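Trainee: Could you walk me through this structure, slowly please?

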There are 2 protein chains.
Amino acid sequence: MKLNMMYSFLKTDIDLIEKELEVAIESQSPILKEASLHLLQAGGKRIRPVFVLLAAKFGHYDIHLIKHVAIALELIHMASLVHDDVIDDADLRRGKATIKSQWDNRVAMYTGDFIFARSLETMTKIPDSQAHKILSDIMVELCIGEIAQIEDKYRYNQSLRDYLRRIKRKTALLIAGSCQLGAIAAGAPAEIHKKLYSFGYNVGMSFQITDDILDLTSSEEELGKPAGSDLLQGNITLPILYAMNEDPSLSQMIQKVSDQTTPIEMKSIIGKIKETSAIEQSHKVSKMYLKKALRDLESLPNTRAKKTLRDIANFIGNRKY
Amino acid sequence: MKLNMMYSFLKTDIDLIEKELEVAIESQSPILKEASLHLLQAGGKRIRPVFVLLAAKFGHYDIHLIKHVAIALELIHMASLVHDDVIDDADLRRGKATIKSQWDNRVAMYTGDFIFARSLETMTKIPDSQAHKILSDIMVELCIGEIAQIEDKYRYNQSLRDYLRRIKRKTALLIAGSCQLGAIAAGAPAEIHKKLYSFGYNVGMSFQITDDILDLTSSEEELGKPAGSDLLQGNITLPILYAMNEDPSLSQMIQKVSDQTTPIEMKSIIGKIKETSAIEQSHKVSKMYLKKALRDLESLPNTRAKKTLRDIANFIGNRKY
């Protein structure tokens, strides 16, 4: 089953959010308008809004309130992508030119700032000031994660724990926050929004680990960027850590990867990583988080929303591209 | 009288804020810690916190509440300086190396993001959700102003109105917001916080115009950067607009300024600008805003805070460096 088929019963609400995202980043400024719209049209799975809506189903679901939370979280995510592209010096994202490649780094920086600010502005439409605190805390952690990603680049002696903490900040907290804020804004009781937070965290961890595996196992066509991009940019992911640990001579090769590494050399290194148990071990860790996520759901009331969260978690943990 | 002598009765509270600013940007990350502390130690007038505290004197002044507003506004200002330095490619600010020159643009971007996020996090300690909305609105306008500054660079046919709108977003709204939020957080009545907002706006406009004049009339020693930096970077300020309008041949020379322009050529152009009435006309506009600011204060109760706001406004509007 395709991902968007799983939540087809939310289609009207998701369409509404898509339209309002466009309104949220409207601006008189020609550059800002074009850059933001460009980003919006590049699409994406809008998975954070979906989590917000599904979590809100565990409380009093009112789309006209909850949409603000969904929009705020998707905007934070979009803003962080724009700033990521500056860091990664990426020219393509989802096969489309990035803002930083089409304009320049400075425009990308301010477009990101603008979208961040719009996100927070949108969230203030929710009267609960706890929600504002949670959102700004997420932003703080996200930024610390981004800086950690710079600090940890090419740092080959980092631990699994460094990696896990980094992806927690980079990915998992935003998904956890989507689930938590959706439930809080809908007035769900604490025992429910805490479970949903934990669910989101575990799904997020599983998702990012799968993403980091796919960066090595997928083709350039599937990824929309060359395979092994993480390694080329010095991002040390879980499978890379496992491979280095298992095979010291491969570890030496990995530590020599640089701008000068040719695509053929890269292909050979990826081949050697696949010969180790790194991919399998990483899959195991991803599955462990997935299992935890599914366990978080167990005590929640049996509703269509719960079934959908389970389907999405399974899809995300098992996806092949 | 020196600026900080004008508000010496606030010294204990300002010292407290200085200490808490340090706590607010604390982080485990070595880069982030060093970059933020470096920025903090570069100092600055902390004029936004001073405005917050003085405005709060018109309500129920409680430093343990109001400090959060003061810190949030100074952090926003600091964050925008960090991102400005990326834009301006500035290597020095207040005579000290900028974050972007000491590390790189990416670190500067995320350090700015981190400080922005900390600012919003700090503000959530104020229970009034109106305050969160005002702060995020200021951030949105600040970002739009930054993008406008890129769009308007080297656009010599821009109008006075373009310039005024830009400095409103870049400078005046943050000072207006400092006065407004200080008064709101202290529970001052609407007629007072509206007057203070207007006062802050007018002071901010006067301040920025004076700054733009000083960029042409001060020495490199006074500025901590070469005179005429705005022009060199393509930032078209009020005196430049007036000079171009008055002298078409000077206008031609100004439009040819680029990276290739030598310091001697620059000195000659600045000399010619000074021969026009541009500086005088710009001073007039600055004085007009200063007068408006002083008028905004008239209806407020006669307190030490009011007298201090008047002294600061006069100082800012008349300063020579």
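Trainee: What should I know before I start?

Mentor: This is a predicted model, in which local features need pLDDT of at least 70, side-chain atom pairs count only at pLDDT 80 or more, and totals for chains, interfaces and linings use all residues. Residues are numbered from 1 along each chain as its sequence is written, chains are lettered from A and ligands numbered from 1 in the order in which they are written, and side-chain values use heavy atoms, with hydrogens and water left out.

Trainee: Okay, what rotation superposes chain B on chain A?

Mentor: A rotation of 180° with 0.0 Å of shift along its axis does so, with an RMSD of 0.0 Å, where the copies are superposed by least squares on the C-alpha atoms of residues with pLDDT of at least 70 in both. That is the relation of a two-fold axis.

Trainee: And which residue of chain B comes closest to that axis?

Mentor: Ser129(B) does, with its C-alpha at 3.1 Å from the rotation axis. The same surface serves both copies, since 100% of the contact residues of chain B recur in chain A, contact meaning heavy atoms within 4.5 Å.

Trainee: New topic: how many salt bridges are there over all chains?

Mentor: A search of the whole structure finds 24, counting a side-chain nitrogen of Lys or Arg within 4 Å of a carboxyl oxygen of Asp or Glu. One of them joins Glu18(A) to Arg46(A), with the closest N and O atoms 2.8 Å apart.

Trainee: Where do those two sit in the chain?

Mentor: Glu18(A) is in helix 2 (residues 11-24) of chain A and Arg46(A) is in the loop between helix 3 (30-41) and helix 4 (47-56), so the pair, 28 residues apart, links distant parts of the chain; helices (H or I, at least four residues) and strands (E, at least two) are DSSP runs, numbered from the N terminus.

Trainee: Is Arg46(A) buried or exposed?

Mentor: Arg46(A) is buried, at 7% relative accessible area, whereas Glu18(A) is partly exposed at 28%. Buried means under 20% relative accessible area, exposed over 50%, and partly exposed in between, with a 1.4 Å probe and protein chains only.

Trainee: Which residues are linked in a network of salt bridges?

Mentor: The network links Asp152(A), Arg155(A), Asp162(A), Arg165(A) and Arg166(A). Within it, Arg155(A) and Asp162(A) meet at 3.1 Å, N to O, and here Arg155(A) is partly exposed at 29% while Asp162(A) is buried at 15%.

Trainee: What about Lys133(B) and Asp137(B)?

Mentor: Their side chains meet in a salt bridge of 3.0 Å, N to O, and because they are four residues apart in helix 8 (residues 129-151) of chain B, about one helical turn separates them.

Trainee: How many residues of helix 7 of chain A are buried?

Mentor: Of its 19 residues, 17 are buried, so helix 7 of chain A is largely enclosed by the rest of the structure.

Trainee: Last one: what does Glu20(A) touch?

Mentor: Leaving out residues up to four places away in sequence, Glu20(A) touches Lys67(A) and Ile71(A). Glu20(A) lies in helix 2 of chain A and is partly exposed, at 24% relative accessibility. Although Glu20(A) and His68(A) are 48 residues apart in sequence, their C-alpha atoms are 9.0 Å apart in space.
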